[in-house]
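I set out to record what I looked up in this structure, entry by entry.

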Amino acid sequence: MGSRAQAAPRYRDPVPAFGTAAPEAIEDALMRLAAENERHLSALPEEAGCFREPRIVEFMFLLADKWRLDQAARYQAVELLERFMTKQVEQMAKSSRKHCEQGGGSSWSSLEEQIYNTFVLRLVSCIQLASKLSLHYNRVNSDVALKFLQSLKFSYTKQELLESELAVLKALHFQVNVSTPLAYVELLLEVLGYNGCFLPTKPLHQMCIELLDFSYLSRDAIYDTLLKTTIENSAPSKLQVPARSRCF
């Protein structure tokens, strides 16, 4: 008998196809993304960007690759963690100020310790939630997540994992399916396809993915270079260094 055919892998890179959407749909999508981006920028907190350090992003990318998640889920996970941690820091800062006003002294050190002790758990929860938003790809279930956490010597239970996911959802008011930079890139590729771009879409899409990864992993260096180029000064003062905020 002949050899058995190998089973097809569950995860495959999708072949992108651009230039098939109706012009009305493209126009509506452009307007929606522009309005959404404007809302994000107008409500951008001072803490934005604090939880997008390259080592955090790299860790999340590697973990998403280990669990064979699609590209959109990788970026969505990073955005979820950033949004959640920013909300958590804001809430804890308010709680600390209120505690001080009531004469109880500063409790920020204990709050900071709480953030530190639960950070990896929250990070995994954000990846789990992002995987669930991509319904046609692998989802990170509780068993997979717990096995990974146990490999890092954490002793969380399934109930604690579920409560962590719920904490992220509640903090973000269940608004977790927001547009990532990839959505903007793919919409621009759709416009190129509609306008008759003859470049092959798959390598063009892959190049954009690699550039997005680079921008996520080299964010600080990119911002510093842009700042120095803009002000034409290789040694900007503290007043000239803005907060590294999130931008699409």
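**Cysteines.** I counted disulfides, taking each as a pair of cysteine sulfur atoms within 2.5 Å, and the count came to zero. I then checked burial, where buried means under 20% relative accessible area, exposed over 50% and partly exposed in between, with a 1.4 Å probe and protein chains only. C126 counts as buried because its relative accessibility is 0%. C208, at 18% relative accessibility, also counts as buried.

**Basis.** I note that this is a predicted model, in which local features need pLDDT of at least 70 and side-chain atom pairs count only at pLDDT 80 or more, while totals for chains, interfaces and linings use all residues. Residues are numbered from 1 along each chain as its sequence is written, and side-chain values use heavy atoms, with hydrogens and water left out.

**E82.** I took helices as DSSP runs (H or I, at least four residues), numbered from the N terminus. E82 lies in helix 3, residues 71–101, and is buried, with a relative accessible area of 1%. E82 and F51 are 31 residues apart in sequence, yet their C-alpha atoms are 5.4 Å apart in space. The side chain of E82 reaches the backbone nitrogen of F51 at 3.4 Å.

**Helix 7.** The buried residues of helix 7 include L182, V185 and L189. Just after helix 7, G196 takes a positive phi of about 90°.

Conventions. Helices (H or I, at least four residues) and strands (E, at least two) are DSSP runs, numbered from the N terminus. A polar contact is a pair of N or O atoms within 3.5 Å; within protein, one must be able to donate a hydrogen and the other to accept it, and residues adjacent in sequence count only if both atoms are side-chain atoms.
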